[in-house]
Amino acid sequence: MSVNDELTSIQRCLDDLFRSMGRLEQQIGKGGLELRRLRSDANHLRESLALLREAAPGLAQPRRPDLVTIPDTPYDNALWTDSDDEGLGAHDRHAP
């Protein structure tokens, strides 16, 4: 896996952790010191991951491929000599 894939995987795991913590808080309440500590630690992990993404070389964003311009002019008919029409066969033969 690439570094970007690993960081994305960690981000998904952190998102799952936050969802699980939210469900747990609904069941037992938000008042406990342990849950506040867990929430604080998870927030620190999220901040650390964001800093790591910024510090990782060349990982700002996946690079999009260069666009290829397709001209509006018609193609040269010589490109299609000896080619089969899809589903119809060659020009000099009949379809079944």
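Select G22 to begin. G22 sits in helix α1 (helices, H or I with at least four residues, and strands, E with at least two, are DSSP runs numbered from the N terminus). With a relative accessibility of 23%, G22 counts as partly exposed (under 20% relative accessible area is buried, over 50% is exposed, and partly exposed is in between, using a 1.4 Å probe and protein chains only).

Before going on, a word about what you're looking at. This is a predicted model, in which local features need pLDDT of at least 70 and side-chain atom pairs count only at pLDDT 80 or more, while totals for chains, interfaces and linings use all residues. Residues are numbered from 1 along each chain as its sequence is written, and side-chain values use heavy atoms, with hydrogens and water left out.

**Zoom out: the whole chain**

Show the chain as a cartoon. You'll find two helices and zero strands. Of the 96 residues in the chain, 11% are buried.

**Helix α1**

Select residues 3-28, which make up helix α1. How far apart are its end C-alpha atoms? They are 37 Å apart, which agrees with the 38 Å that 26 residues should span at 1.5 Å a residue (the expected span is 1.5 Å times one less than the number of residues). Next, color L7, L14, F18, M21 and E25, the buried residues of α1. They pack against α2. Then step just past the end of α1 to G29, where phi is positive, at about 95°.

**Helix α2**

Select 33-55 for α2. Its 23 residues should span 33 Å at 1.5 Å a residue, and the end C-alpha atoms are 33 Å apart, which agrees. Which residues of α2 are buried? They are L35, A42 and L49, and these pack against α1.

**The salt bridges**

Side chains of opposite charge can pair when their charged atoms come close. A salt bridge here is a side-chain nitrogen of Lys or Arg within 4 Å of a carboxyl oxygen of Asp or Glu. Searching the whole structure turns up three salt bridges, so let's visit them.

- Select D15 and R46. They form a salt bridge whose closest N and O atoms are 3.1 Å apart. D15 is in helix α1 and R46 in helix α2, so the pair ties together parts that are 31 residues apart in sequence. D15 counts as partly exposed at 26% relative accessibility, and R46 counts as partly exposed at 31%.
- Select R19 and D16. Their side chains meet in a salt bridge at 2.2 Å, N to O. R19 and D16 are three residues apart in helix α1, which means about one helical turn separates them. R19 is partly exposed, at 46% relative accessibility, and D16 is partly exposed too, at 39%.
- Select E25 and R39. Their salt bridge has its closest N and O atoms 2.9 Å apart. This pair links distant parts of the chain, with E25 in helix α1 and R39 in helix α2, 14 residues apart.

Stay on that last pair for a moment. Is E25 buried or exposed? E25 is buried, because its relative accessible area is 13%, while R39 is partly exposed at 23%. Leaving aside neighbors within four places in sequence, E25 is in contact with K30, L35 and R39.

**Last stop: a patch on the surface**

Select V68, I70, Y75, L79 and W80. Together they form a nonpolar patch on the surface with about 620 Å² of accessible area. (Patch residues have over 30% relative accessible area and no salt bridge; like charges are joined within 9 Å, and nonpolar side chains, namely Val, Leu, Ile, Met, Phe, Trp and Tyr, within 5 Å.) Click on L79: it lies in the segment after α2, and at 54% relative accessibility L79 counts as exposed.

Conventions:
Areas by Shrake-Rupley, 256 points an atom, 1.4 Å probe, with all protein chains shown as cover. Contact = heavy atoms within 4.5 Å.
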